[in-house]
Amino acid sequence: MNGLPLLAAATPVVFAAGLIAGRLLARRTDRDGTDHGGRPVERATFHTLHTASAAAPPLRAGLTEDAARKAVRRLRPLFGTAALGLTAEDRLLAWDGPGRHHADTALERVRHVLESGRTETFTVRCPDPDCPVRRGAVAPLTVDGRVLGALVELGAGESASAVRATEEVARWVSVQLELAELDRTRTGLIEAEIRALRAQISPHFIYNSLAAIASFVRTDPERARELLLEFADFTRYSFRRHGEFTTLAEELRSIEQFLELVRARFGQRLQVTLQIAPEVLPVAVPFLCLQPLVENAVKHGLEESAERSRIGITAQDEGATARIVIEDNGVGMEPDRLRRVLHGEDGPSAGIGLRNVDERLRQVYGDDYGLVIATGVGAGMKITIRVPKYRTGVHSTPPRTASGNA
């Protein structure tokens, strides 16, 4: 899945680069009557790709006035045309170049394109002999079969290559808008999944933690105070409102706070061992990707068993990846039921933590990085996570300080 948008994005860019580079070379040949061979074409193509790559980031924010303004300013020189405009539906977002007084004429054509979904060309009649605009082309911007707006190109004379270039660059812009839509969808999905995890944490764990803290208020006020501070830090981290990613160090710190609150409730019944390689602590990981797994280990190791619970957490450096293992000696799970849980077939609330983490890891890193779980009835559970130490777009967000902003 990750490779397809990139391939789709690259194809129109290269095709448009060839078209526009050809036009640049043709103009240069016409000017001095010399055939310059391949080197000018290579330079023109490189320049086109470089400029297109600079125009892409603004468009990844979506079809906004700011994005459109930055994009047309970078794209117009590639056409060698008088003016270039971008619209959202029939509303002009940005215009670069002269001939702005012909915007109404262009928008009339844009409305036709919005209805037909096809490129249109038109002639511009202007009484001003110095006006460089004499004709135009309007190409649709399409995402998922919907025409969201149009690319408007205006120039001096009829040119089939200009129309073709307009269509190809419009397709390239459409791909950037589609990637922006995918980014928004992915972000919304991840936020929804994190909200689901928080909903699971909040009623069950918070009530039990406060009850445990309350039990120390009279017998050991200092212990109650320490636990209350741990509880405050834990909830501040779990319910923070910024960042899809955190560091492994921050996630482990939150787990330590969680386990400290669990110990307040269960005492010596909980035994925890941690083996953490220092070099993996700065690795960026999805927010709340380990805590639900540890909570699952506590649930099946302590709450569903009368025996002493042992939980082991290890994090090792494996070159390009970090390997994290969470293991417990709890009641375990029948493998077929585990499969149903991970596929959401065992009820909407069953195993939400396991399923949520597995899905988010696959979304971020690909299917090769889902949870690897070994379990059986009465055999405990061993969950292994592998995450790349470096991945484009995966960066932890520094925690905000003081002032109560979570």
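In the protein chain of this predicted model, residues 24 or more positions apart account for 66% of the contacts (heavy atoms within 4.5 Å) with a separation of 6 or more. The chain has 406 residues, and 47% of them are buried, a term that stands for under 20% relative accessible area, with exposed meaning over 50% and partly exposed in between (1.4 Å probe, protein chains only). Its secondary structure comes to 10 helices and 12 strands; these are DSSP runs numbered from the N terminus, with helices (H or I) of at least four residues and strands (E) of at least two.

Residues are numbered from 1 along each chain as its sequence is written, and side-chain values use heavy atoms, with hydrogens and water left out. Because the model is predicted, local features need pLDDT of at least 70 and side-chain atom pairs count only at pLDDT 80 or more, while totals for chains, interfaces and linings use all residues.

The mean pLDDT (the predictor's confidence in each residue, from 0 to 100) of the protein chain is 77, and 73% of its residues reach 70 or more. Residues 1–38 have pLDDT below 50, and this stretch makes 52 contacts in the model beyond near neighbours in sequence. For residues 400–406 the pLDDT is also below 50, with seven such contacts. Where pLDDT is low, the predicted coordinates should not be read in detail.

Turning to the strands, five of them form an open sheet in the order β7-β9-β10-β12-β11, with mixed pairing; two strands pair if DSSP finds at least two bridges between them. At the edges stand β7 (270–276) and β11 (372–375), each with a single partner strand, so one side of each lacks a neighbour in the sheet. On average, neighbouring strands are turned by 10° against each other, direction ignored. Strands β9 (residues 309–318) and β10 (residues 321–328) run antiparallel and are joined by eight bridges; Gln 316 has Arg 323 in β10 as its bridge partner.

Helix α7 packs on this sheet, touching β7, β9 and β10, and its direction makes about 165° with that of β7; axes are lines fitted to C-alpha atoms, for helices over the stretch in contact, and angles run from 0 to 180 degrees between N-to-C directions. Just after α7, Gly 267 takes a positive phi of about 60°.

Finally, the structure holds zero disulfides (pairs of cysteine sulfur atoms within 2.5 Å). For Cys 131, the nearest cysteine sulfur, that of Cys 126, is 3.9 Å away. Cys 131 is buried, with a relative accessible area of 7%, and Cys 289 is buried at 2%.
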